[in-house]
Amino acid sequence: MTERQEQTAPDAVMTRIGQVVMLCHAGDREEARHRFLALWAEIGEDGDPLHRCTLAHYMADAQDDPCDELAWDLRALTAAEELAHDRPARHEDALAVRALYPTLHLNLAADYVRLARADAARTHLRQARRAADALGEDSYSDGVRAAISRLESRLGEGGSGDGRWSPPRQRP
């Protein structure tokens, strides 16, 4: 019975991360950064990779300096890779981490664009496009695909050319 309760119990760290994300989205980025850093200190560099990936992903969005944003996005990608390759059986949703890769690489591509590093941006943009196969068929996935296409256009990339998907049509 205890094992079943542990499986269904909410993840307190993920809940706390979600609360800070809401604070950030409400506009208090400075306080969000402080709370994210406190959580990061609790989780630690060797803590649960799902927690580290999630926190770093959102911490990047709270940054004002593009170099800091890049550093946090790189931490998120590193933690996702650890989760996917080193301990996939630990989390039921480890396969869902694959669906994070398009966004993680897209964020890195955007970071590198802001830092005027077009070659690195193109590399991550191509990885985002390849990883997009893991996305579902929903509005979030459509938004990620559209963002990939917009950044490809901005960088003069031609996309994958496989014709399997395209950005959603704009509504009038």
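This is a short walk through one predicted model, from the overall fold down to a few single residues.

Start with the whole chain. It has 172 residues. There are nine helices and zero strands. Read from the N terminus, the elements run α-α-α-α-α-α-α-α-α. Buried residues make up 41% of the chain. Now the contacts. Take those between residues at least 6 apart in sequence: 56% of them join residues at least 24 apart.

Next, two helix pairs.

First up, helix 3 and helix 4. Helix 3 covers residues 29–43, and helix 4 covers residues 49–61. Their axes lie 10 Å apart, and the packing angle is about 160 degrees. An angle over 145 counts as roughly antiparallel, so helix 3 is roughly antiparallel to helix 4. The crossing is left-handed. Who takes part? On the helix 3 side we have Arg 29, Arg 33, Phe 36, Leu 37, Leu 39, Trp 40 and Ile 43. From helix 4 come His 51, Arg 52, Leu 55, Ala 56, Tyr 58, Met 59 and Asp 61. By class, that contact holds nine nonpolar, one polar and four charged residues.

Now helix 7 and helix 8. Helix 7 is residues 101–114, and helix 8 is residues 118–131. The axes come within 8 Å and cross at roughly 165 degrees. That angle makes helix 7 roughly antiparallel to helix 8. Here too, helix 7 passes helix 8 in a left-handed crossing. Helix 7 brings Tyr 101, Pro 102, His 105, Leu 106, Leu 108, Ala 109, Tyr 112 and Val 113. Helix 8 answers with Ala 120, Ala 121, His 124, Leu 125, Gln 127, Ala 128 and Ala 131. The class count for helix 7 against helix 8 is 12 nonpolar, three polar and no charged residues.

Stay with that pair for its loop. Ala 116 is found between helix 7 and helix 8. Look at its backbone. Phi of Ala 116 is near 60 degrees, a positive value in a residue other than glycine. Is Ala 116 buried or exposed? Its relative accessibility is 71%, so Ala 116 counts as exposed.

Thr 103 is in helix 7. Its relative accessible area is 9%, so Thr 103 is buried. What does Thr 103 touch, not counting residues up to four places away in sequence? The list is His 57, Tyr 140 and Val 144.

Thr 54 is in helix 4. Thr 54 has 16% relative accessibility and therefore counts as buried. Leave aside its neighbours within four places in sequence, and Thr 54 is in contact with Met 14 and Ile 17. Take the Met 14 pairing. Thr 54 and Met 14 are 40 residues apart in sequence, yet 8.0 Å apart in space, C-alpha to C-alpha.

Last, the cysteines. How many disulfides does a search of the whole structure find? Look at two cysteines in turn. Cys 24 has a relative accessible area of 11%, so Cys 24 is buried. Cys 67 sits at 46% relative accessibility, so Cys 67 counts as partly exposed.

To recap. The chain has nine helices and zero strands. Helix 3 is roughly antiparallel to helix 4, and helix 7 is roughly antiparallel to helix 8. Thr 103 is buried, and Thr 54 is buried. Ala 116, in the loop between helix 7 and helix 8, is exposed.

Terms used: Residues are numbered from 1 along each chain as its sequence is written. This is a predicted model: local features need pLDDT of at least 70, side-chain atom pairs count only at pLDDT 80 or more; totals for chains, interfaces and linings use all residues. Side-chain values use heavy atoms; hydrogens and water are left out. Axes are lines fitted to C-alpha atoms, for helices over the stretch in contact, and angles run from 0 to 180 degrees between N-to-C directions. Helices (H or I, at least four residues) and strands (E, at least two) are DSSP runs, numbered from the N terminus. Angles under 35 degrees count as roughly parallel, over 145 as roughly antiparallel, 65 to 115 as roughly perpendicular and the rest as oblique. A crossing is left-handed if the near helix is turned anticlockwise from the far one by less than a right angle, and right-handed if clockwise. Contact means heavy atoms within 4.5 Å. Ala, Val, Leu, Ile, Met, Phe, Trp, Tyr, Cys and Pro count as nonpolar, Asp, Glu, Lys and Arg as charged, and the others, Gly among them, as polar. Buried means under 20% relative accessible area, exposed over 50%, partly exposed in between (1.4 Å probe, protein chains only).
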